[in-house]
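Colleague: Could you take a close look at one part of this model with me? I would like to follow the open spaces and what surrounds them.

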Amino acid sequence: MSSKTENLLSLLNGQPVIPVLKIANVADAVPLARALARGGLPAIEITLRTADALEAIRRVAGEVEEAIVGAGTILDANQLDEAAAAGSRFIVSPGITRELLAAASDSEVPLLPGAITPGEIMAAREAGLRFLKFFPAEQSGGIASLKAFASPLADVKFCPTGGITGKNAADYLSLSNVICVGGSWVAPDDMVKAGKWDQIEALARAASELGK
């Protein structure tokens with residue numbers, strides 16, 4: 001296992017759910033990260049799906065000491081560099097490319113790339129990665145696919161994301177090759193918009209107990 005994989009696992013150590021966040025209003029980033037951390041989910045993924053995403057990462061990295069902020073939806077080397085410069089502690093991509101693997105190998109920030117086929121998983125494994133995002137999980141065979149991978153790809157672990165909810169997260173977490181899951185249900189858009197940080201903290205606390 002590479003040192004970067006070990007670094008990534010240590011960052012996410014013992015956290016069963018990684019909140020996947022789409023920040024529409026940059027002012028929400030800091031109170032949201034604080035609420036999730038209070039609820040026991042300090043490691044968060046802020047996706048680069050909004051104009052304010054990089055600024056949100058910068059603010060959380062600079063102002064929320066207890067948070068471990070990562071960047072998601074990274075599609076190319078340029079975005080990886082920008083996210084790392086903004087303070088991202090880990091990088092998440094929906095898929096895997098040679099360019100992204102090369103950029104990640106030159107970066108101190110560990111990469112969690114998406115992989116759903118045996119070929120993609122083997123390519124990541126050849127690059128020294130043993131911890132991968134399985135995305136989109138539910139649309140790609142979900143639990144049945146991950147069970148099928150457990151024996152032939154026994155040294156690879158996954159963080160399934162995509163269609164994971166509070167109802168099926170525990171089933172995924174019960175699998176031997178699943179370390180954690182990614183999901184957005186712990187920070188619903190309407191709660192974020194309304195600033196219901198106490199309710200988000202409660203959802204995070206419940207999620208932090210899953211799989212234990």
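How do the residues of the lining of the largest pocket divide into nonpolar, polar and charged?

Modeller: Happy to. Please keep in mind that this is a predicted model. The lining of the largest pocket divides into 9 nonpolar, 9 polar and 7 charged residues. That makes 25 lining residues, and Val-20, Leu-21, Lys-22, Ser-184 and Asp-189 are the ones nearest the centre of this pocket. Its volume is about 470 Å³.

Let us see which elements contribute. At least two lining residues of the largest pocket come from each of β1, β2 (43-47), β8 and α9 (189-194). Helix α9 gives the largest share, with 3 residues.

β1, β2 and β8 belong to an open sheet of 6 strands, whose order is β5-β4-β3-β2-β1-β8 and whose pairing is parallel. Its edges are β5 (111-113) and β8 (181-183), each of which pairs on one side only. From one strand to the next, the twist averages 25°. On the β8 side, the partner is β1 (residues 17-21), which runs parallel to β8 and is joined to it by 3 bridges.

The whole structure has 1 cavity of 30 Å³ or more, and about 40 Å³ of space lies in the largest cavity. Both residues line this cavity, together with Leu-12, Glu-45, Phe-90, Val-92, Leu-112, Cys-159 and Thr-161. By class, its lining has 6 nonpolar, 2 polar and 1 charged residues.

A disulfide needs the pair of sulfur atoms within 2.5 Å. Cys-180 is likewise in no disulfide, its nearest cysteine sulfur being that of Cys-159. Across the whole structure, the search finds 0 disulfides. Both cysteines are buried: Cys-159 has 4% relative accessibility, and Cys-180 has a relative accessible area of 0%.

For another open space, turn to the second largest pocket, which holds about 170 Å³. There are 14 residues in its lining, with Lys-4, Ala-104, Ser-105, Ala-127 and Leu-129 nearest the centre. Helices α1 (3-11) and α5 (98-105) each supply at least two of the lining residues. By class, the lining of the second largest pocket has 9 nonpolar, 4 polar and 1 charged.

Finally, a word on Gly-128, which sits in the loop between α6 (118-126) and β6 (131-134). Gly-128 counts as partly exposed because its relative accessibility is 21%, and the buried class holds only values under 20%. From Gly-128 to Ser-107, the C-alpha atoms are 14 Å apart in space, while the two residues are 21 residues apart in sequence.

Definitions and conventions
Residues numbered from 1 in each chain as written. Predicted model: local features only at pLDDT ≥ 70, side-chain atom pairs only at ≥ 80, totals over all residues. Heavy atoms only, no water. Pairing = 2+ DSSP bridges. Helix = DSSP H or I, 4+ residues; strand = E, 2+ residues; numbered from the N terminus. Axes fitted to C-alpha atoms, helices over the stretch in contact; angles between N-to-C directions. Buried < 20%, exposed > 50% of the residue type's maximum accessible area, 1.4 Å probe, protein only. 1 Å grid on protein atoms, 1.4 Å probe; cavity = no way out; pocket = protein on both sides within 12 Å on 5 of 7 lines; lining within 4 Å. Points joined across faces, edges and corners; volume = space filled by probe spheres on them. Nonpolar A, V, L, I, M, F, W, Y, C, P; charged D, E, K, R; others polar.
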